[in-house]
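I opened this notebook to keep track of what I looked up, in the order in which I looked.

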Amino acid sequence: MTIQEQLTQSIKEALLNLGIEGIEIHLEHPTENLHGDFSTNVALASAKKVGKNPQDVADDIIRELEKNKLNIIEKIEKAGPGFINFYLTKEFFIQSIKEILDNKKSVGSNNRLKNKKVLIEHTSPNAFKLLHIGHFMANAVGEATARLLEYSGAEVKRATYASDIGLPVAKAVWGMMQMQAEMPEDTDSVSRKVEFIGNAYTHGAGMYESDEEIKKQIDEINIHIYKKDDEDIISLYTKGRAWSLMYLEEMYKKLDTNFDYRFFESEVFDEGSRIVRAHLGKVFEESEGAIVFKGEDYGLHTRVFISSKGAPTYEAKELGLQTKKAEIPYDISIVVTGNEQSAVMEVGLKAFEQIDAERANKTEHISHGLMLGKNGKKMSSRKGGSLSAEELIESVKTEVLKKMKEGEDVLSNIEEVAEKVAVGALKYQILKQGSGKNIVFDIEQALSFEGDSGPYLQYTYARTNSLLEKGKEAGIEIKTGVYEASAESVYKLIYQFSEVVERAGEEYTPQTVTTFLMELASRFNAYYAGEKIIDIEKKEKSSEKLALVDAVNTVLKRGLVVLGIPAVERM
RNA sequence: GUCCCUGUAGUUUAAUGGAUAGAACUAGAGACUUCUAAUCUCUCGAUACAGGUUCGAUUCCUGUCAGGGGCACCA
């Protein structure tokens with residue numbers, strides 16, 4: 001039984017003995033440590049019902065609680081308007097450190113979603129285009145959510161749904177045709193190939209806007225790709241698509257994400273059309289030559305599923321995708337997209353509900369905002385287009401390297417560490433706030449790496465590693481057993497890690513974890529500053545301190561892992 | 001116009017209906033012969049506005065104002 005369950009049980013019994021019923025028992029950690037470790041408002045909540053003032057009710061409840069006091073409770077106090085505050089014993093905190101050290105591999109996990117299967121779709125890229133910041137955001141949010149659910153005991157499958165057909169693709173293929181002379185060889189590097197495709201797309205997209213004749217050509221290419229009826233076009237398309245996918249795989253590796261399933265728009269559009277037509281007249285209706293879903297009937301708005309030209313739109317393809325997903329057993333299906341898609345997703349899901357209510361009800365949507373520059377505008381690359389994820393990472397990495405080279409001893413794996421720190425800095429910025437909100441990424445501020453940042457966590461983790469190493473060298477073993485009064489603020493926080501992860505998983509709020517880790521790191525650093533951890537003169541004392549360092553190290557590591565932020569051993 | 005989302009220190013933000021609204025950045029003062037100073041310590045500063053529900057509201061409801069997004073064949 002967890003500590004919360006024990007306390008809740010105990011309060012429940014006390015209320016029962018007093019004949020108070022129908023009160024939901026609410027436990028929380030007071031913001032102020034001096035208000036105890038746990039607090040409940042049951043006296044306030046039941047006062048009216050009982051017809052007494054809250055203070056008296058609190059006194060009654062405390063009297064009952066004292067009769068059967070749990071051994072982990074040091075004292076129970078009434079405070080403020082009628083709160084009941086619980087103070088835990090030192091033994092509890094020592095025990096909690098022990099538990100962390102005994103379960104290094106599983107700290108923070110819970111069984112909330114045991115035996116549940118989750119399918120999460122995120123980072124849905126466009127073939128023939130670079131991964132941009134939006135994808136990076138979706139990836140950070142999606143991966144953190146996936147890991148939170150894994151920590152909750154679920155079996156999580158990751159999927160990505162790439163757009164590999166449609167007008168943007170046709171633009172790129174047209175560009176490839178024009179730029180045959182610059183076409184890379186098969187033996188060329190992936191970056192050379194993707195650069196070529198990027199240029200081809202930019203060229204095609206530009207001409208599409210400025211030249212009516214070319215616009216017509218591209219529209220035709222688009223149709224040929226759908227119909228697969230032109231050998232030259234298909235050959236270019238196949239080549240470009242393959243190159244793009246190679247590039248995407250490289251990027252996934254860089255971001256440390258793996259996908260169990262890779263879905264493509266090109267393989268779901270037929271099925272999407274089929275579903276829509278099969279439900280024509282029931283779910284969908286014809287309007288102005290197109291097939292639409294009348295969202296107004298559900299307080300939403302109408303959206304086109306099949307265009308008047310007979311082509312399935314994004315919405316129809318989503319339905320086709322659902323058929324693919326149905327081949328995978330799941331209890332929860334999550335889709336991560338940008339928040340500008342929210343309305344589309346809502347209407348799409350409502351339509352899906354009319355077709356397959358059971359699966360639609362198991363589907364949830366998580367959205368992320370935009371990453372904006374300091375001026376509140378979209379960030380752009382040096383060339384003026386939208387900034388690619390890689391450029392973003394590289395620019396941060398350059399700054400990290402600069403900073404690292406200022407130091408005394410330069411690490412041998414400096415490049416690798418710099419990249420991890422850069423990715424960590426970016427991911428932290430994204431995850432530290434509620435998803436769905438736009439993020440203002442002040443590159444200079446994030447690069448100062450001070451305070452509320454990924455590198456701060458990574459640095460603190462590296463620092464604990466260093467301490468543990470030094471301790472080992474000095475022949476000091478790790479031993480729990482004594483309560484270090486100077487480390488009280490650390491003890492009183494670290495045991496909450498599991499509940500924080502559980503709540504974050506329940507509410508899809510990675511920022512609950514970032515906030516917690518930040519607080520833990522900050523408290524640990526304050527402790528570190530005022531305390532000599534390794535002291536050969538006092539080995540016994542050092543052993544006990546190192547146990548706490550080890551616990552912080554473990555929790556930071558597990559915390560970084562669940563967020564998908566790379567941990568570095570040294571920096 | 002309509003629907004949805006968002007308004008918290010100068011800035012970026014946290015807060016499961018609870019107690020003195022918590023951080024970080026910036027600014028100012030201080031701390032490395034000693035375990036990683038990418039650190040630590042101290043100071044200044046905030047719930048857009050008006051009502052309502054509640055013992056208690058940043059949180060829930062209504063209205064106003066401000067910003068963003070969706071609203072027919074792009075994804």
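In which sense do E8 and E9 pair, and over how many bridges? I was looking at a predicted model, and in this model E8 and E9 pair in the antiparallel sense over three bridges. I then looked for a residue pair in this stretch and noted that Ser 287 stands opposite Ala 290 in E9.

Next I turned to the sheet as a whole, which is open and is formed by three strands in the order E8-E9-E10, with antiparallel pairing. Strand E8 (285-287) and strand E10 (303-306) stand at the edges with a single partner strand each, so one side of each is left without a neighbour in the sheet. I also noted that, direction ignored, neighbouring strands of this sheet are turned by 55° against each other on average.

I sorted the residues of the surface near RNA strand B by kind and recorded 31 nonpolar, 33 polar and 15 charged. Among the elements that each supply at least two residues of this surface I listed strand E9 (290-293), helix H12 (342-355), helix H17 (454-473) and helix H20 (510-529).

Last I checked helix H15 (residues 414-431), whose 18 residues should span 26 Å at 1.5 Å a residue, and its end C-alpha atoms are 25 Å apart, which agrees.

Key:
Residues numbered from 1 in each chain as written. Chains lettered and ligands numbered in written order. Predicted model: local features only at pLDDT ≥ 70, side-chain atom pairs only at ≥ 80, totals over all residues. Helix = DSSP H or I, 4+ residues; strand = E, 2+ residues; numbered from the N terminus. Expected span 1.5 Å × (residues − 1). Nonpolar A, V, L, I, M, F, W, Y, C, P; charged D, E, K, R; others polar. Pairing = 2+ DSSP bridges. Axes fitted to C-alpha atoms, helices over the stretch in contact; angles between N-to-C directions.
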